[in-house]
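Reader: Hi! Could you walk me through this one?
Author: Happy to, here it is.

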Amino acid sequence: MSTPSLAALPIRRLTLRDLTVCADLSQDRGWPREEHKWGFLLTAGKGFGIDDPQGGLVAACVVTEYGPWGRPALAAIGMVLVAGRHARQGVGRRLMGHVLSTMGTTPLTLHATPNGRPLYEELGFKVTGRAEMLKGHFTPGGTESGVFTRAAAAEDLPAILCLDEEVFGADRTPLITRLPAFADQLRVAEEDGRIIGYAAAWPNMDTHVVGPLVARDTETAKALVGSLAAHTDRQLRTDIDVRHEELLTWAKARGLASVAFNAVMTYGTTALPGDWTRRFAPLTVAAG
């Protein structure tokens with residue numbers, strides 16, 4: 001029996017049952033397996049994939065929607081991967097075309113690596129920002145900011161959701177309500193009994209990823225990062241909007257080194273909603 005052409009292979013929805021083959025695909029492309037993150041994205045978002053007749057996946061991606069159910073105000077595309085043996089054969093373009101068709105008029109965003117950016121530009125995505133990935137062992141130091149932080153409690157969730165929607169510009173309830181189970185730490189900054197920022201640290205291989213990082217100002221963001229670092233022995237990793245120059249300088253002085261830059265791109269909108277001045281780092285670049 002002849003093997004069907006790549007163009008004839010159907011695109012299907014992925015589920016949590018596909019966790020292992022998704023992690024295998026990551027490993028095939030030299031990425032960490034990131035099973036914990038894949039599991040989160042496959043349950044909070046929609047996975048799309050193409051099965052390989054020889055086993056595993058030809059390609060995969062995840063779309064995370066934000067806003068009212070059935071009428072998303074924004075969707076993020078992430079984890080766009082094509083198996084090495086099928087690279088440069090138009091598979092990524094076909095999968096992205098399927099996503100664009102499926103999402104209709106919904107505005108889209110993604111973080112593009114230098115390798116992926118040319119394809120996205122050809123599809124009509126525009127660069128609207130940039131994020132810098134930092135990684136390293138955090139070294140405490142300097143004067144105390146005076147910002148009070150503490151571990152989040154269950155009763156804080158409504159206030160966190162309210163603040164997040166205000167800053168992000170769309171309702172992210174399905175994502176944020178999964179944070180307590182997904183993250184090892186969820187902390188808030190508080191002033192006069194009011195939450196002015198929050199941040200999580202979730203495990204990814206040998207690091208703790210700091211994200212989301214939402215804060216009233218840079219001093220509050222610093223306090224949240226410092227408080228997360230004080231409760232882990234792992235290296236920290238985070239992706240900070242390059243417009244937050246003061247936070248980047250501070251983090252590098254505390255031991256975090258620059259690893260890479262990703263372009264923030266949008267489709268169907270000229271800018272992301274919300275208040276970027278209080279949005280310091282995403283939960284994960286794969287979810288916008």
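Reader: Let's start with hairpins. Which residue in the turn between β9 and β10 has a positive phi?
Author: That is M205, with a positive phi of about 55°. β9 and β10 form a hairpin with two residues between them. Strands here are DSSP runs of E with at least two residues, helices are runs of H or I with at least four, and both are numbered from the N terminus. One caution: this is a predicted model, where local features need pLDDT of at least 70 and side-chain atom pairs count only at pLDDT 80 or more, while totals for chains, interfaces and linings use all residues. Residues are numbered from 1 along each chain as its sequence is written, and side-chain values use heavy atoms, with hydrogens and water left out.

Reader: Thanks! How many bridges pair β9 with β10?
Author: Seven, in the antiparallel sense; two strands pair if DSSP finds at least two bridges between them. N204 has T207 in β10 as its bridge partner.

Reader: And what about β8 and β9?
Author: They run antiparallel and are joined by seven bridges, with Q185 opposite A201 in β9. They form a hairpin too, with two residues between them, and D192 in the turn has a positive phi of about 55°.

Reader: Is β9 mostly covered or uncovered?
Author: Mostly covered: ten of its eleven residues are buried, where buried means under 20% relative accessible area, exposed over 50% and partly exposed in between (1.4 Å probe, protein chains only).

Reader: New topic, then: how many aromatic pairs are there?
Author: A search of the whole structure finds six. Rings of Phe, Tyr and Trp (its six-membered ring) pair if their centres lie within 6.5 Å; planes under 30 degrees apart count as stacked, over 60 as edge-to-face and the rest as tilted. One of the pairs is F125 with Y267, tilted at 5.1 Å centre to centre and 40° between the planes.

Reader: What is the geometry of F182 and W202?
Author: They are tilted, 4.9 Å centre to centre with 35° between the planes. F182 sits in helix α7 and W202 in strand β9, 20 residues apart. Both are buried, and F40, F182 and W202 form one aromatic cluster.
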